[in-house]
Amino acid sequence: AAGTRMCGLVLYTLVRISHAKKIVEIGVGRGCSTIALLYAAKDTGGLVQSIDPSPCEAAQATVERCGLSEFWKFNNTTSDEYFAANDESIQLAFIDGEHFQPFVERDIVNVFNRLERGGWVIMHDWNAAPRDAMETYVNRKDSHGYGVARACASQLYPAMPLFAMSILPGVFGQEHSEGAF
């Protein structure tokens, strides 16, 4: 729970400092991140476009209960289908959808193709780690959980500097791309 609260606080803060109004969230689940993004969108006058192929009834009920529906559009579809039908620009994206590498790679490409200059992309389940630990993490093939790190490595590095921050209860770590691989 502490990690979820910290993640929400970080998301809220990043939306506020970026002044983002066009926000895309890939992966909703129970809606913990959604609520943080929505409170920030309320403050910036923005709209959160959330994408998830599951109906996410609990998240929808929480959004309604919090009175945040006017700042939210729930797209009950896959991210591939959403991006095929929408070419609107994005100011901030939170990617926390399917964690298999090919899906994450497509999400990265789709978001970056629509990202406004100066836009922000936030990847969930990316862990900052020392170089040797990250190489092991990226090269593991036995778990879909490693797809986020592998996708970031293949799609983003070395084309752009990355900043990763682990958000775990009581643990904060940071690593720039120059030292991550």
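This is a predicted model: local features need pLDDT of at least 70, side-chain atom pairs count only at pLDDT 80 or more; totals for chains, interfaces and linings use all residues.
Biologist: Which residues of helix α3 are buried, and why do they lie on the same side of α3?
Modeller: Helix α3 spans residues 57–65, and the buried residues in it are Ala-59, Thr-62 and Val-63. They cover an arc of only 100 degrees around the axis, which puts them on the same side of α3. An α-helix has 3.6 residues a turn, so residues three or four places apart point the same way.

Biologist: Which exposed residues are carried by the face of α3 turned away from its buried side?
Modeller: The buried residues of α3 have a cover that includes α2 (32–44) and β3 (72–75). The face turned away from the buried side carries exposed residues instead, namely Glu-57, Glu-64 and Arg-65.

Biologist: Is Cys-56 buried or exposed?
Modeller: Cys-56 has its place in the loop between β2 (47–51) and α3, and its phi is positive, about 50 degrees, although it is not a glycine. Most residues other than glycine have a negative phi. With a relative accessible area of 9%, which is under the 20% that sets the limit, Cys-56 is buried.

Biologist: What is the relative accessible area of His-19?
Modeller: His-19 is found in the loop between α1 and β1 (22–26), and its phi, near 60 degrees, is a positive value in a residue other than glycine. Since exposed means over 50% relative accessible area, His-19 counts as exposed, and its value is 58%.

Biologist: Which residue that follows α3 has a positive phi?
Modeller: The phi in question is near 70 degrees. The residue with this positive value, following α3, is Gly-67.

Biologist: With which residues is Phe-71 in contact, leaving aside its neighbours within four places in sequence?
Modeller: Phe-71 is found in the loop between α3 and β3 and is buried, with a relative accessible area of 13%. The C-alpha atoms of Phe-71 and Ala-40 are separated by 9.6 Å, although the two residues are 31 residues apart along the chain. Once the neighbours within four places are left aside, the contacts of Phe-71 are Leu-38, Ala-41, Lys-42, Gly-46, Leu-47 and Val-48.

Biologist: What separates the C-alpha atoms of Ala-84 and Asn-110?
Modeller: Ala-84 lies in helix α4 (residues 79–85) and counts as exposed, at 73% relative accessibility. Ala-84 and Asn-110 are 26 residues apart along the chain, and the separation of their C-alpha atoms is 9.1 Å.

Biologist: Which element supplies the largest share of the lining of the second largest pocket?
Modeller: About 280 Å³ of space lies in this pocket, and its lining of 15 residues has Val-28, Arg-30, Cys-32, Ser-33 and Asp-96 nearest the centre. The lining divides into four nonpolar, seven polar and four charged residues. Both α1 (2–18) and α2 supply at least two residues each, but the largest share, three residues, comes from α1.

How values were computed. Residues are numbered from 1 along each chain as its sequence is written. Side-chain values use heavy atoms; hydrogens and water are left out. Buried means under 20% relative accessible area, exposed over 50%, partly exposed in between (1.4 Å probe, protein chains only). Helices (H or I, at least four residues) and strands (E, at least two) are DSSP runs, numbered from the N terminus. The arc is that of the directions from the helix axis to the C-beta atoms. Contact means heavy atoms within 4.5 Å. On a 1 Å grid over the protein atoms alone, a cavity is a set of points where a 1.4 Å probe fits but cannot get out, and a pocket is an open set with protein on both sides within 12 Å along at least five of seven lines; lining residues have an atom within 4 Å of a point. Grid points are joined across faces, edges and corners, and a volume is the space filled by probe spheres set on the points. Ala, Val, Leu, Ile, Met, Phe, Trp, Tyr, Cys and Pro count as nonpolar, Asp, Glu, Lys and Arg as charged, and the others, Gly among them, as polar.
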